[in-house]
Amino acid sequence: ALDGPLQLYIRCVVLSAGVFFGMSGFAVVAKWVLVGRWKAEAFPIWGLRYYRFWVVKTLLRTAPVVLFRGSPLYSLYLQLLGTRIGKNVVIESRAVPVCTDLISIGDRTILRKESL
């Protein structure tokens with residue numbers, strides 16, 4: 001039985017935070033385990049490398065941290081994935097990058113929502 005509305009609220013907040021950080025963290029860990037560092041290369045579409053690429057792409061795009069585009073949390077998420085991001089960068093792009101190790105963004109840059 002629930003003790004009261006405050007306890008229910010606290011449980012919901014803890015569960016939501018756990019799901020948020022769990023799914024986002026799982027995407028980061030899966031990227032490093034399945035791919036490691038991205039490098040420019042060509043690979044067949046029906047091979048194991050493409051399957052790993054597809055799995056990582058799907059996990060990155062479904063991670064809930066993507067909803068926080070434009071915030072420092074999203075920039076931190078991309079840095080954990082290997083993107084080199086300078087100081088005072090705002091990323092509002094709707095496109096979620098997959099090959100994050102190949103991206104470098106300089107200081108004081110704003111990527112608007114229309115940019116790819």
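**Aromatic and nonpolar features of a predicted model**

Mentor: Phe21, Leu67, Phe68, Leu73, Leu76 and Leu80 make a nonpolar surface patch of about 610 Å². This is a predicted model, in which local features need pLDDT of at least 70 and side-chain atom pairs count only at pLDDT 80 or more, while totals for chains, interfaces and linings use all residues. Residues are numbered from 1 along each chain as its sequence is written, and side-chain values use heavy atoms, with hydrogens and water left out.

Trainee: What makes a nonpolar patch?

Mentor: Its residues have over 30% relative accessible area and no salt bridge, and nonpolar side chains (Val, Leu, Ile, Met, Phe, Trp, Tyr) are joined within 5 Å. A salt bridge is a side-chain nitrogen of Lys or Arg within 4 Å of a carboxyl oxygen of Asp or Glu. Helix α3 (residues 72–80) gives the largest share of this patch, three residues.

Trainee: Why is Phe68 called partly exposed?

Mentor: Partly exposed lies between buried (under 20% relative accessible area) and exposed (over 50%), with a 1.4 Å probe and protein chains only. Phe68 has 40% relative accessibility, so Phe68 counts as partly exposed. Phe68 is placed in the loop between α2 (48–62) and α3.

Trainee: How many aromatic pairs does the structure hold?

Mentor: There are eight aromatic pairs. The ring centres of Tyr51 and Trp54 are 6.1 Å apart and their planes stand at 25°, so this pair is stacked; rings of Phe, Tyr and Trp (its six-membered ring) pair with centres within 6.5 Å, and planes under 30 degrees apart count as stacked, over 60 as edge-to-face and the rest as tilted. Both Tyr51 and Trp54 lie in helix α2, three residues apart.

How values were computed
Patches are made of residues with over 30% relative accessible area and no salt bridge: like charges are joined within 9 Å, nonpolar side chains (Val, Leu, Ile, Met, Phe, Trp, Tyr) within 5 Å. Accessible areas come from the Shrake-Rupley method with a 1.4 Å probe; for residues, only the protein chains shown count as cover. Helices (H or I, at least four residues) and strands (E, at least two) are DSSP runs, numbered from the N terminus.
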